[in-house]
Amino acid sequence: MSRPVFAIGLSIALAGIVPTASDAREPAENPAQTPAEIARLEYEQVMALTPDPENGRRVYLTCAVCHRPEGWGAPDGSYPQIAGQLRPVIIKQLADIRARNRDNPLMYPFSVPRILGGPQSVADVAAYVAQLPMTPDNGVGPGVDLALGQEVYAEHCAKCHGENGEGNEAEHIPAIAGQHYLYLMRQFDAIRTGRRKNSDPKMVKQIDGFTPRHQAAVLDYTARLRPPASKLAERGWTNPDFPAYVRDPMGVPPMPPMPAGLMDAPPPPEPPAYPSVPPAPR
Ligand code: HEC
Ligand code: HEC
């Protein structure tokens with residue numbers, strides 16, 4: 001037996017007998033280090049802070065790229081409306097997303113402390129988003145099954161999300177009235193199938209066995225629930241905090257113009273000639 005093989009054999013044999021320091025406490029076993037627990041601790045920390053709305057507006061500039069300056073997201077559901085969401089819900093979702101207790105690969109890089117900032121910035125941006133007025137023109141469903149939707153809502157959703165989809169601050173249950181239908185559909189699927197890690201187990205149980213018809217009906221009904229008038233923006237409102245933000249008719253910001261002269265710049269110089277690669281040693 002050659003020495004290296006013997007050494008590997010010995011260490012395998014020892015690993016079975018001698019406990020090493022590292023397996024005394026695996027990170028996954030330590031509740032303080034699970035994503036859910038990291039998020040819960042940050043949630044509590046943020047909730048104890050006093051928000052600074054001026055800094056919230058500044059931080060929101062990052063979010064505006066996807067959620068739009070008004071926080072209205074997109075009616076196709078690719079980006080949720082976050083305007084007018086309850087402050088504790090926004091804080092919980094931000095804490096969950098950056099602790100990876102809710103998968104959001106698109107937003108994750110913008111949620112990390114290096115970009116978004118620490119707990120104070122989370123408190124600030126959440127307060128800013130919560131006070132934004134909501135769109136009067138959110139995306140809705142086909143509208144063909146609303147009587148069933150109303151029945152299902154009253155029986156299965158109202159006790160948690162409220163009679164009018166207004167959510168619950170103390171229990172950080174999301175307001176869902178006036179959210180884009182296609183976003184509601186995506187989240188409902190993620191919750192039902194367990195893909196959304198931070199979902200409420202009691203809700204998962206409640207919606208177990210829903211048929212596609214029940215789901216579509218109740219979510220179409222939910223998207224059409226009107227938030228109170230005091231929370232809704234006038235049609236066509238634009239956020240005066242971002243006057244320079246360029247909007248086009250499709251709601252997609254146009255590409256910035258090419259820098260002047262880029263296309264008629266002289267061709268780049270020839271790369272320098274490097275000595276040829278030496279032959280591989282034999
Ligand atoms: C690169 C695009 C992007 C950026 C930037 C971004 N988000 Fe998001 N955000 C998303 C997407 C996409 C979702 C929905 C993901 C999903 O379907 O689960 C989301 C979800 C959310 C949610 C959960 C909404 C809900 O009701 O479930 C909140 C709250 C939120 N974002 C707040 C913010 C804030 C605050 C910022 C700025 C600090 C921000 N986002 C920056 C793309 C982005
Ligand atoms: C037992 C309470 C409970 C019941 C019943 C319940 N939910 Fe929920 N729901 C929650 C909680 C709590 C969350 C947020 C979980 C989290 O991310 O922290 C949630 C999240 C959601 C979301 C995601 C919202 C978002 O902004 O991301 C949707 C959509 C939703 N529920 C729809 C419904 C519908 C429709 C029904 C009825 C068919 C229903 N829920 C029944 C508690 C409940």
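How do the residues of the shell around ligand 2 divide into nonpolar, polar and charged? They divide into 11 nonpolar, seven polar and four charged, where Ala, Val, Leu, Ile, Met, Phe, Trp, Tyr, Cys and Pro count as nonpolar, Asp, Glu, Lys and Arg as charged, and the others, Gly among them, as polar. The model is a predicted one, in which local features need pLDDT of at least 70 and side-chain atom pairs count only at pLDDT 80 or more, while totals for chains, interfaces and linings use all residues. Residues are numbered from 1 along each chain as its sequence is written, and chains are lettered from A and ligands numbered from 1 in the order in which they are written.

**The two ligand shells**

A residue is taken as near a ligand if its C-beta atom, placed from the backbone, lies within 6 Å of that molecule. Helices are DSSP runs of H or I with at least four residues, numbered from the N terminus.

| Shell | Composition |
|---|---|
| Ligand 1 | 16 nonpolar, five polar, one charged residue |
| Ligand 2 | 11 nonpolar, seven polar, four charged residues |

Around ligand 1 there are 22 residues, of which Cys 63, Cys 66, Gln 93, Met 107 and Phe 110 come nearest. The elements that give two or more residues to this shell are α3 (53-67), α4 and α7 (119-130), and the largest share, six residues, comes from α3. Around ligand 2 there are likewise 22 residues, and here Cys 157, Cys 160, Asp 200, Lys 202 and Met 203 come nearest; two or more residues each are given by α9, α10, α11 (201-206) and α12.

**The largest nonpolar core**

A nonpolar core is a set of buried Ala, Val, Leu, Ile, Met, Phe, Trp, Tyr and Cys residues joined through C-beta atoms within 7 Å. The largest one holds 46 residues, and those that touch the most other members are Ile 90, Ile 91, Ala 95, Val 122, Val 125, Ala 126 and Val 129. Its largest share, eight residues, comes from α7. Because domain 1 (32-130) and domain 2 (146-231) both give residues to this core, it lies between them; the domain bounds come from an automatic or database domain assignment. Ile 90 touches Ile 82, Gln 85, Ala 126, Val 129 and Ala 130, not counting residues up to four places away in sequence, a contact being a pair of C-beta atoms, placed from the backbone, within 7 Å.

In α8 (residues 146-156), Gly 149, Val 152 and Tyr 153 are buried, that is, 20 or more other C-beta atoms lie within 10 Å of their own, whereas 12 or fewer make a residue exposed and counts in between make it partly exposed. These three residues cover an arc of only 100° around the axis, so they are on the same side of α8; the arc is that of the directions from the helix axis to the C-beta atoms. The buried residues of α8 pack against α9 (158-161) and α12 (212-224), while Ala 147 and Glu 155, on the other side, are exposed.

Lys 92, placed in helix α4 (residues 87-98), is buried because 24 other C-beta atoms lie within 10 Å, and beyond its neighbours up to four places away in sequence it touches Tyr 43 and His 172. Gly 139, in the loop between α7 and α8, is partly exposed, with 18 other C-beta atoms within 10 Å. The C-alpha atoms of Gly 139 and His 180 are 4.4 Å apart, although 41 residues separate the two in sequence.

Conventions:
Contact = placed C-beta atoms within 7 Å.
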